[in-house]
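Colleague: Please take a close look at one helix for me. I would like to know how it sits in the rest of the model.

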Amino acid sequence: PTDRAAKSCSTMATTTTTTPPPKPHALILARGGSKGIPKKNIKALNGVPLLVYNVKAALASEVFERVVVSSDDAEILAVARKAGAVAFERDPATATDAASSEAGIRDYADRAACDVLCLVQATSPLTTAQDFQRGWELFTSSNADSLVTVVRSHRFLWTKDEAGVAAPKNYDPGRRPRRQDWSGELIENGAFYFFKVPSFRTSGSRLHGKIVALEMAEETLVEIDSLTDWNIVEFLAANQFHDTPRSWGFHDDNGPASGPPPPPPPPSSN
């Protein structure tokens, strides 16, 4: 009888399955009043509205229960719907120049039932479906409260006081390390943030409690905050995505396939 009971317990143990955690919601905050680059969130990057890149990557990852674009702007919400996202009408009070992203997060969390949110930044269009998958795996396997995305950089940082005197922040100039002898610095790249909603409510911050960091590719360090950033990211996106954005339904029939137009040929020497 004892042997039969042991075999029975063994059989039960091998057939027991672990319930996967509830899927998170992806949240893209895209207000209409961007100042540095007007209508930045739907400005065409290689022929496709900026926010569409992250919507498509998040959907392709299959990590999320829903991919949501929260905006106070009807045109942005229309683009979001066309891209396959859920359009969420953001409270205008949380979309002012002075409002924080946390205010936009709270606005959504107060009106949607979810245990985990992923704040996705439209200004980081090089994020891939695999990045979201790796982030979710790290977040869940670490039992973390929040996750930040980072890029490793081998840059020497300096500070300068009011008198103009400079001082190093992260190295000794008398013992300047070689790149291969130094692990570098982890820099927040702002691509996306996973976090538990209940502890977000308590802390008031997307990053809180036990924080884990997901390292991403070097090129994802660039966030679009200026036209210079835009030009850099447009070039990188053309190289990364090639003609894939053509399948997303936003190019005109005669629009560009991908990337800025090629430079004109050099003048003939004849």
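Modeller: Take helix α2. Nine of its 12 residues are buried, so the rest of the structure largely encloses it. Buried means under 20% relative accessible area, exposed over 50%, and partly exposed in between, with a 1.4 Å probe and protein chains only. Helices (H or I, at least four residues) and strands (E, at least two) are DSSP runs, numbered from the N terminus.

A word on the source. This is a predicted model, where local features need pLDDT of at least 70 and side-chain atom pairs count only at pLDDT 80 or more, while totals for chains, interfaces and linings use all residues. Residues are numbered from 1 along each chain as its sequence is written, and side-chain values use heavy atoms, with hydrogens and water left out.

Now the helix itself. The buried residues of α2 are L50, L51, V52, Y53, N54, V55, A57, A58 and S61. After α2 comes E62, with a positive phi near 60 degrees.

Next, the core. A nonpolar core is a set of buried Ala, Val, Leu, Ile, Met, Phe, Trp, Tyr and Cys residues joined through side-chain atoms within 4.5 Å. The largest one has 46 residues, and L51, F64, V69, F192 and F194 have the most contacts inside it. Helix α2 (residues 50–61) gives this core its largest share, seven residues. A second, separate core has 17 residues, including V68, A109, A112 and C114. In soluble globular proteins, nonpolar side chains tend to be buried together.

Contact means heavy atoms within 4.5 Å. Beyond its neighbours within four places in sequence, V69 is in contact with L51 and V55, among others, and also with I28, A30, I76 and F88.

P49 lies in strand β3 (residues 48–49). P49 counts as buried, because its relative accessibility is 11%. Neighbours within four places aside, P49 is in contact with N41, I42, K43, A44, V79 and F250. K39 is 10 residues from P49 in sequence, and their C-alpha atoms are 9.8 Å apart.

Last, the wider setting. The protein has seven helices and 11 strands. Of its 270 residues, 42% are buried. Among contacts with a separation of 6 or more, 71% join residues 24 or more positions apart.
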